[in-house]
Amino acid sequence: MLKGIHPVLSPDLLRAIARMGHGDDIVIADANFPSSTMGPEVIRADGVTATEMAEAILAHMPLDTFVPETAWRMEVVGDPGAMPEVCVEFQEIVSRRAGDFRIAPLERFAFYEHARKAAYIVATTEFRLYGNLVLKKGVVHPHEVYRG
């Protein structure tokens, strides 16, 4: 345990987030997501929901302010206008933790293609369908860095 670090962030995940640069993406994947076949390194987060993971990551990682879209969710197949409860919760977390960012929907296979380009995939045990989120890392400003 470390002071000030969200407890669901494992050492491997902390290392991953710290290694990511501005503009790199991280996928928070639900239990049904094909994490192991996407390509990027997979970090397991068993026993953690996708919303808990989003909360934890966004406690320590800013979102990108230099691009028009910085967070994405998977659209519901056959009903692209639907907004599953887990996605409503994602939006609430992003708004509270990161600010005025809208989570953009992506069609299922477009979401998969986007995920293949991510730096990392965090495989959670989120059992709610469509509990998948991509976050684009932003810049950590000098005043945000602890210097003792």
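Q: Which exposed residues does H1 carry on the face turned away from its buried side?
A: The model is a predicted one. A residue counts as exposed when its relative accessible area is over 50%. On the face of H1 that is turned away from the buried side, the residues in this class are Pro11, Ala18 and Arg19.

Q: Within what arc do the buried residues of H1 fall, seen down the axis?
A: Helix H1 covers residues 11-19, and its buried residues are Leu13, Ala16 and Ile17. They line one face of the helix, because seen down the axis of H1 they fall within an arc of 95 degrees.

Q: Which strands and which helix do the buried residues of H1 pack against?
A: Leu13, Ala16 and Ile17 are the buried residues in question. Their packing partners include helix H2 (50-58). The strands they pack against are E1 (25-29), E2 (41-45) and E5 (120-124).

Q: How far apart in the chain are Asp25 and Lys136, the pair that forms a salt bridge?
A: The closest N and O atoms of Asp25 and Lys136 are 2.9 Å apart, and a salt bridge needs them within 4 Å. Asp25 sits in strand E1 and Lys136 in strand E6 (residues 133-136), so the pair links distant parts of the chain. Their separation is 111 residues.

Q: Are Asp25 and Lys136 buried or exposed?
A: The cut-off for a buried residue is under 20% relative accessible area. Asp25 has 7% relative accessibility, and Lys136 has 14%. Asp25 is therefore buried, and Lys136 is likewise buried.

Q: Which residues are linked in a network of salt bridges?
A: The structure holds seven salt bridges. Linked in a network are Glu55, Arg96 and Arg97.

Q: Which part of the chain holds Arg128, the partner of Glu89 in a salt bridge?
A: The side chains of Arg128 and Glu89 meet at 2.8 Å, N to O. The pair links distant parts of the chain, 39 residues apart, with Glu89 in helix H3. Arg128 counts as partly exposed at 30% relative accessibility, and Glu89 as partly exposed at 22%. Arg128 lies in the loop between E5 and E6.

Q: How many residues apart in sequence are the parts tied together by Phe33 and Phe111?
A: The structure holds three aromatic pairs. Phe33 and Phe111 form one of them, edge-to-face, at 6.0 Å centre to centre and 85 degrees between the planes. Phe33 lies in the loop between E1 and E2 and Phe111 in helix H4 (residues 108-116), so the parts tied together are separated in sequence by 78 residues.

Q: What is the relative accessible area of Tyr112, which forms an aromatic pair with Phe33?
A: Phe33 and Tyr112 pair edge-to-face, 5.6 Å centre to centre with 70 degrees between the planes. Tyr112 is in helix H4, 79 residues from Phe33. Phe33 is buried at 7%. Tyr112 is buried too, with a relative accessible area of 11%.

Q: Which residues do ring pairs link into a cluster?
A: Phe33 pairs with Phe111 and with Tyr112. The cluster linked by ring pairs consists of Phe33, Phe109, Phe111 and Tyr112.

Definitions and conventions: Residues numbered from 1 in each chain as written. Predicted model: local features only at pLDDT ≥ 70, side-chain atom pairs only at ≥ 80, totals over all residues. Heavy atoms only, no water. Buried < 20%, exposed > 50% of the residue type's maximum accessible area, 1.4 Å probe, protein only. Helix = DSSP H or I, 4+ residues; strand = E, 2+ residues; numbered from the N terminus. Arc of directions from axis to C-beta. Contact = heavy atoms within 4.5 Å. Phe/Tyr/Trp six-rings, centres within 6.5 Å; stacked < 30°, edge-to-face > 60°.
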